[in-house]
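Try each task yourself, then read the solution step by step.

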Amino acid sequence: MEERRDSKSILIVDDTALIRLMVKDILGAEGYDVEIATTAEEAMLKIKSSKKELFDLVIVDINLPNQNGFEFIQKLKSHSEYKNIPVMILSGDATASSITQAIEIGAVEYLIKPFKAVELVKRVVKLIGYTTKKDRYPELKELLKNEINRAKRSNVNLSLVLAQCEGKIKVGISKIIDQIKHKVRDIDTVLEIDDSTLALILPITGANGAIVVMKKVKDELPGKWHFGIATYPDNGKNEQELINFAKEVAI
């Protein structure tokens, strides 16, 4: 258990289903790999079965069945490989004695329930940073290649919209993508490319139609964004030409 993964992984230990799912949804939307456990025993099994892959952060409730959160943290910290892995308490117990005890046994953060999503993300980012996101341009190129072949056979247009954020996308990207999908057709594809770029592939759509879609999407994006539109075959005959054109004309 000495190697670390490139992605950021988090283990949540809480016996309340609503809290587990809420935390998983919030952090999963930010790009973290999240696993859940209901009890301290289940959490320890997950930790042991992860073999060479360590969790980057462990989030623990105090009030767990059989073995409480304090006991679990002590047992976790007894494993040398987890000695320096941050642990955050997530609990409704806001007493000074509980907070002091948590710090004494090795917890580095203490978030009180109920909590706001933005505060949870803020604490996690402070402890382990933003998650590493993969460049998905190869996936975009493959999807475009398939759509170009269909457009060529049917003699129709195809448009690509690249939306580039000024800076990194720091809100729940999954939620943004879901909102955008409600604004477009089922045949359209919405794809997160990297930590500052979204792509929309719009089959059977010319430049004017792409502009209409861009205006709809713009309302769902927080912050300042730049948009580039490329249409097959007018602006490119293959996937790379379309991507290059969309990047060049982004405004």
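**Exercise 1.** Find out whether Thr231 is buried or exposed in this predicted model, and which residues surround it.

*Solution.* Start with the accessibility: Thr231 has a relative accessibility of 2%. The cut-off for buried is under 20%, so Thr231 counts as buried. Next, place Thr231 in the fold: it belongs to strand 9, residues 225-232. Finally, look for contacts, setting aside neighbours within four places in sequence. Thr231 then touches Asn157, Leu158, Ser159, Thr205, Gly206, Ala207, Gly236 and Leu242.

**Exercise 2.** Work out how strand 1 is enclosed, and which strands pair with it.

*Solution.* Begin with burial: 5 of the 5 residues of strand 1 are buried, so the strand is largely enclosed by the rest of the structure. Now take the two faces in turn. On one side sit Ser9, Leu11 and Val13, on the other Ile10 and Ile12, and all of these are buried.

Then turn to the partners. Strand 2 (residues 33-37) runs parallel to strand 1 and is joined to it by 5 bridges. Here Ile12 stands opposite Ile36. To get from strand 1 to strand 2, the chain passes through helix 1 (residues 17-29), and this β-α-β crossover is right-handed. Strand 3 is also parallel to strand 1, with 4 bridges between them. In this pairing, Leu11 faces Val58.

**Exercise 3.** Identify the residues that touch the most other members of the largest nonpolar core, and the elements that supply two or more residues to this core.

*Solution.* First, the general background: in soluble globular proteins, nonpolar side chains tend to be buried together. In this model, the largest nonpolar core has 25 residues, and those touching the most other members are Val13, Ile47, Val58, Phe72 and Tyr82. Next, list the elements that give two or more residues to the core: strand 1 (9-13), helix 2 (40-49), strand 3 (57-60), helix 3 (69-77) and strand 4 (87-91).

**Exercise 4.** Trace the salt bridges of Glu109, and say which parts of the chain they tie together.

*Solution.* A search of the whole structure gives 10 salt bridges. One of them links the side chains of Arg123 and Glu109, at 2.9 Å from N to O. Arg123 lies in helix 5 (residues 117-128) and Glu109 in strand 5 (residues 109-112), so this pair ties together parts 14 residues apart in sequence. Both Arg123 and Glu109 are buried.

Lys126 also forms a salt bridge with Glu109, and their closest N and O atoms are 2.3 Å apart. Because Lys126 is in helix 5 and Glu109 in strand 5, this pair ties together parts that are 17 residues apart in sequence. Compare the accessibilities: Lys126 is exposed, with a relative accessible area of 59%, while Glu109 is buried, with 9%.

Technical notes: Residues numbered from 1 in each chain as written. Predicted model: local features only at pLDDT ≥ 70, side-chain atom pairs only at ≥ 80, totals over all residues. Heavy atoms only, no water. Buried < 20%, exposed > 50% of the residue type's maximum accessible area, 1.4 Å probe, protein only. Contact = heavy atoms within 4.5 Å. Core = buried A, V, L, I, M, F, W, Y, C linked by side-chain atoms within 4.5 Å. Salt bridge = Lys/Arg side-chain N within 4 Å of Asp/Glu carboxyl O. Pairing = 2+ DSSP bridges. Right-handed = clockwise from strand over helix to strand, strands pointing away.
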